[in-house]
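Me: I'd like to go through this protein model with you, one question at a time. Ready when you are!

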Amino acid sequence: MKNVFRLGTRGFKRKRKKLEEDIQKFAAELIKIQARRQSQNGFVYQKDTVWQEEFEANFPFEETEDQKNAINDVKKDMESPQIMDRIVCGDVGYGKTEVTMRAAFKAIDNGKQVVMVAPTTVLAEQHFERFKRRFENYPITIENLSRLTKSKSKDILKNLKSGIIDLVIGTHRLLSDDVQFKNLGLLIIDEEQRFGVKHKEKIKQLKENIDVLTLTATPIPRTLHMSLIGIRDMSVLE
């Protein structure tokens, strides 16, 4: 019985050591990516245009102080030469979507394409409907790419590559190798922790040289820790 216990303990120690090594490797890789991003110059966006001001004035609610701060944080990031990597953290209904819409509008107003990735088809569909309503008075082309839009996917892929589509919202389908952009400037990720390992790898590749905005209601400890030690920036809506 003692021998069996010893073998079990050794097995557990081996697994633990392997897990610790994997975590260290993963952390080192993340820091390397962030260091590369911070050493590069990103696209510098213009100050707000008349269109941007008009779009924001059409928001039917009063912004909260936290929302105003988050919007200013994001704009400051986009107007600086450093590539943005900001987390916007807030519970459902606290206004993360409006912060995102203003960032997307700014990117498109500066001639860039925007991609928004959500973890489920339902969530992607909800975002698509909200964005469509909010952007309907502007000459901005928005599409939804998921398993529900399979019949249209060929045209969507072609129009993304040629730059006809300004903003595409969808699921992990957007992380497939056949999805190409003409001039991608902003990646928006909703609840990154809900994506699988394979999709996170693809997100990691996409993130290397474009502005990134991550939305979360419940930041995972690793993400939170990275923001606290200055690897990523965070705006909190309370």
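Me: How many helices and strands are there in the protein?
Reply: This is a predicted model, where local features need pLDDT of at least 70, side-chain atom pairs count only at pLDDT 80 or more, and totals for chains, interfaces and linings use all residues. Residues are numbered from 1 along each chain as its sequence is written, and side-chain values use heavy atoms, with hydrogens and water left out. Helices (H or I, at least four residues) and strands (E, at least two) are DSSP runs, numbered from the N terminus. On that basis, the protein has eight helices and seven strands.

Me: What is the order of the strands in the open sheet?
Reply: Two strands pair if DSSP finds at least two bridges between them. Here seven strands form an open sheet with parallel pairing. Strands E3 (142–145) and E7 (233–237) are the edges, each pairing on one side only. Read across, the order is E3-E4-E2-E5-E6-E1-E7.

Me: In E6, which residue is the bridge partner of Ile 188?
Reply: E5 and E6 pair in the parallel sense over five bridges. Five bridges also join E1 to E6, again parallel, and there Ile 87 stands opposite Thr 214 in E6. For Ile 188, the partner in E6 is Leu 213.

Me: Strand E6 covers residues 211–216, so how many of its residues are buried?
Reply: Buried means under 20% relative accessible area, exposed over 50%, and partly exposed in between (1.4 Å probe, protein chains only). One side of E6 has Asp 211, Leu 213 and Leu 215, the other has Val 212, Thr 214 and Thr 216, and all of these are buried. So both faces of E6 are covered, and the buried count is six of its six residues.

Me: Why do the buried residues of H2 line one face of the helix?
Reply: In H2 (residues 50–57), the buried residues are Gln 52, Phe 55 and Glu 56. The face turned away from them carries the exposed residues Val 50 and Ala 57. An α-helix has 3.6 residues a turn, so residues three or four places apart point the same way. Looking down the axis of H2, and taking directions from the axis to the C-beta atoms, the buried residues line one face because they fall within an arc of 95°.

Me: Which strands do the buried residues of H6 pack against?
Reply: In H6 (residues 153–162), Ser 153, Ile 156, Leu 157 and Leu 160 are buried. They fall within an arc of 100° seen down the axis, so they line one face of the helix, while Lys 154 and Lys 158 are exposed on the other side. The buried residues pack against E2, E3 and E4.

Me: At what angle to E3 does helix H5 run?
Reply: Axes are lines fitted to C-alpha atoms, for helices over the stretch in contact, and angles run from 0 to 180 degrees between N-to-C directions. H5 (residues 121–135) lies across E2, E3, E4 and E5. Its angle to E3 is about 175°.

Me: Which residues is Phe 135 in contact with, leaving aside its neighbours within four places in sequence?
Reply: Contact means heavy atoms within 4.5 Å. Phe 135 is one of the core residues that touch the most other members. Its contacts are Phe 55, Met 101, Ala 104, Phe 105, Ile 108, Ile 140 and Ile 142.

Me: Is Ser 235 buried or exposed, and what is its relative accessible area?
Reply: Ser 235 sits in strand E7. Leaving aside neighbours within four places in sequence, its contacts are Ala 70, Asp 73, Arg 86, Ile 87, Val 88 and Cys 89. Ser 235 is buried, and its relative accessible area is 3%.

Technical notes:
A nonpolar core is a set of buried Ala, Val, Leu, Ile, Met, Phe, Trp, Tyr and Cys residues joined through side-chain atoms within 4.5 Å.
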